[in-house]
Amino acid sequence: MAKVSTVEGRAIPYGRKNIDTDLIIPAHWLKTVSREGLGQGAFEAVRADNPDNVFDQPQFAGAPILVAGDNFGCGSSREHAAWALLDMGIRAVVAPSFSDIFAGNAFKNGILTVALPQEAVDRLLEVAQTDPITIDLEAQSVTTPFQDRFTFEIDPFRKHCLVEGLDEVGLTLTREDAISRYENRLAADKPWLARGTGVAA
Amino acid sequence: MSSKPRTLYEKIFDAHVIERRDDGTCLVFIDRHLVHEVTSPQAFEALRMKGRKVRHPELTLAVPDHNLPTTARVDEDGNRIPIADKESRDQLAALERNAPEFGVRYFDATASQQGIVHVVGPEQGFSLPGTTIVCGDSHTACHGGLGAWAFGIGTSEVEHVLATQTLLLRPSKTMEVRVEGDLAPGVTPKDLIMHIIGVIGTAGGTGHVIEYRGKVFEEMSIEGRLTVCNMSIEGGARGGLIAPDQKTFDYIKGRPFAPKDGEWDAAVAYWKTLYSDPDAVFDQSVVIDAAEVEPSVTWGTSPEDVVPIGGVVPDPASFADPSKQEAARASLEYMDLAPGTPMTEVEVQNVFIGSCTNSRIEDLRAAAEVLRGRKKHANIKWGIVVPGSGLVKLQAEAEGLDKVFIDAGLEWREPGCSACLGMNPDKVPAGERSASTSNRNFVGRQGPGARTHLVSPAMAAAAAVTGRLTDVRELTREPA
């Protein structure tokens, strides 16, 4: 995973609440066996319904930030939602809250999910109409050219992984001894559970 | 282990912690991993590229469901019928290739064990009480109906579990949904969970694991419990569970992957320790009066947009929260509904009975009971019944339920996710409405422009008969 430090640039103001992952990327795009190219399908229904939609306005082309409403990314666990955002150039989403699964998927793809109070998000939605926004992961802050400064919380483990660009699977595999100990205990204490489908390991 | 009283979720979590990091993140062992064709190809590909293998193929079970057409899969000579859509065909072929390559047990599209992952897991005895169960699908909470801590994951986590049989997680908060009293006759588990989501809201359970408690759940069948837990994610909770009891053990006993012979008693002895201690404290507690629950139906484009069938489409101005007002206005525009319209006046053109929420045998029996001897209304252009698995299909056919559906004018299909998510060819046309037993009424969920009303199986059957949303109790009431 690439290291993440600062995300800076125009932010797409889309303050709708409960933006679900079906809206971010409809199911017919999920037939792919790749992670690439999903940006074309991002927010397809919004774009089709309204030619003046915010996503197709030239000033937001390639914008690295999305500012959205409460409970962003609710619904399906499809990581395709994170891949679609990444493919359209989004590196950070700012919203009052995020669904748990989406936040995890975003993190695994190096997309920052920044949770701020609704008032702060409202202010950023306003600024985003005309000006860029800066998100500093190290300082855990969001700033605007107008001296606005909002600080945010982030899980320390996730921050560490993002700042260092760590591969989580690789990280876990270094814990081989601990995992093996657990597995041995499981096989001894609950063989009926460890057996699973019974196919040879 | 500490002597502090613990909730059921906390007991399961603690039993699976391999290591606790100083920052609070835990390395957690995963007992069961269900894999389907849509969220796994990129994970298997990543393993291949990095030269990694599946750490525990025996703890992994693969079955296609999301993308598979529900039309006939073999011709008269027993040959597989190729899937017309190339992308779908390629995605299914990828799973068919990946499972044997990585040594994972696989039920192919024509096997009687094939079905929706969340129907197959419990049915095969793969899903067990007290286990950690994951799947690249948000409705994995379903398995919580057996007393498991089950939750949906993304594809990167699928890869992580395949490679390490673990996940890095922080403990969730706990939420108790306590239902007091009894459900009225004609009110089903689906109506109850929809009512609960209407109360807590679609983000109400975010960051939490829900435990459903109360006599209602003790008296509820296992299939009903699976329906309730299934929709936990629609209330924002990644997991939802119900303490296992004798009904759970009876349900599991004898299933193919369930503990056998001498090991059965040891398993049951362990499962009997799985309950929330009497003094355990939940971070949040919600109390629901069962008597207030009526057959439920959605009016909008979020599962929290629930009213009783006797209710009306709400006025957006009636919501206190301005962002909810705006969302309601957008929903009503999409749904083409006017505030104040009685729900029973809303005509539907499509009926979908199926999905991981409502495609088990009890669901099909409930729908068939309403449809027996009746015909679908002229309004209904398309009505399909999609059993949750090949075994459910066989059981339904043995009971003659398929005939009831076909005689009523509905189509009887092969198992899969189908019109729940509109990924395979089963879609609701733009601008048309469906009475659907699925779990999500999102914009475009059942197809671009489709308007979904979530209901129970009996209510979907009632809508098929009358061509509009209907209180099923009007059709099933004994004549005076």
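## A two-chain model, one piece at a time

In this model, 51 residues of chain A are in contact with 68 residues of chain B. The structure is predicted, so keep that in mind as you explore. Let us begin with where the chains meet, then look inside each one.

**Where chain A touches chain B**

- Which elements of chain A give two or more residues to the side that touches chain B? They are α1 (21-24), α4 (100-108), α6 (156-164), α7 (168-173), α8 (176-189) and α9 (191-194) of chain A.
- The largest share of this side comes from α4(A), with five residues.
- Sorted by class, the side of chain A that touches chain B has 20 nonpolar, 16 polar and 15 charged residues.

**Chain A as a whole**

- Chain A holds nine helices and eight strands.
- Its C-alpha trace spans about 65 × 40 × 25 Å along the principal axes.
- Of the 201 residues in chain A, 48% are buried.
- Take the contacts in chain A with a separation of 6 or more: 69% of them join residues 24 or more positions apart.

- β2(A) pairs with strand β3 (residues 65-68) of chain A in the parallel sense, over four bridges.
- Within that pairing, A11(A) has I65(A) in β3(A) as its bridge partner.

**T113 of chain A**

- T113(A) sits in strand β5 (residues 112-115) of chain A.
- Why does T113(A) count as buried? Because 23 other C-beta atoms lie within 10 Å, and the cut-off for buried is 20 or more.
- Beyond its neighbours within four places in sequence, T113(A) is in contact with V93(A), F98(A), A103(A), A106(A) and F107(A).
- T113(A) and I65(A) are 48 residues apart in sequence and 10.0 Å apart in space, C-alpha to C-alpha.

**Helix α6 of chain A**

- The buried residues F157(A), R158(A), C161(A) and L162(A) belong to α6(A).
- These residues are on the same side of α6(A) because they cover an arc of only 130° around the axis.
- Just after α6(A) comes G165(A), which takes a positive phi of about 65°.

**The sheet of chain B**

- Four strands of chain B form an open sheet in the order β11-β10-β9-β12, and the pairing is parallel.
- Which strands lie at the edges? They are β11 (239-241) and β12 (284-289) of chain B, and each pairs on one side only.
- From one strand to the next, the twist averages 20°.
- Strand β9 (residues 173-180) of chain B pairs with β12(B) over six bridges, and R178(B) has V287(B) in β12(B) as its bridge partner.
- Helix α6 (residues 189-200) of chain B lies across β9 and β12 of chain B, and runs at about 125° to β12(B).

Key:
Residues are numbered from 1 along each chain as its sequence is written. Chains are lettered from A and ligands numbered from 1 in the order in which they are written. This is a predicted model: local features need pLDDT of at least 70, side-chain atom pairs count only at pLDDT 80 or more; totals for chains, interfaces and linings use all residues. Two strands pair if DSSP finds at least two bridges between them. Two residues are in contact if their C-beta atoms, placed from the backbone, lie within 7 Å. Ala, Val, Leu, Ile, Met, Phe, Trp, Tyr, Cys and Pro count as nonpolar, Asp, Glu, Lys and Arg as charged, and the others, Gly among them, as polar. Axes are lines fitted to C-alpha atoms, for helices over the stretch in contact, and angles run from 0 to 180 degrees between N-to-C directions. A residue is buried if 20 or more other C-beta atoms lie within 10 Å of its own, exposed if 12 or fewer, and partly exposed in between; C-beta atoms are placed from the backbone. The arc is that of the directions from the helix axis to the C-beta atoms.
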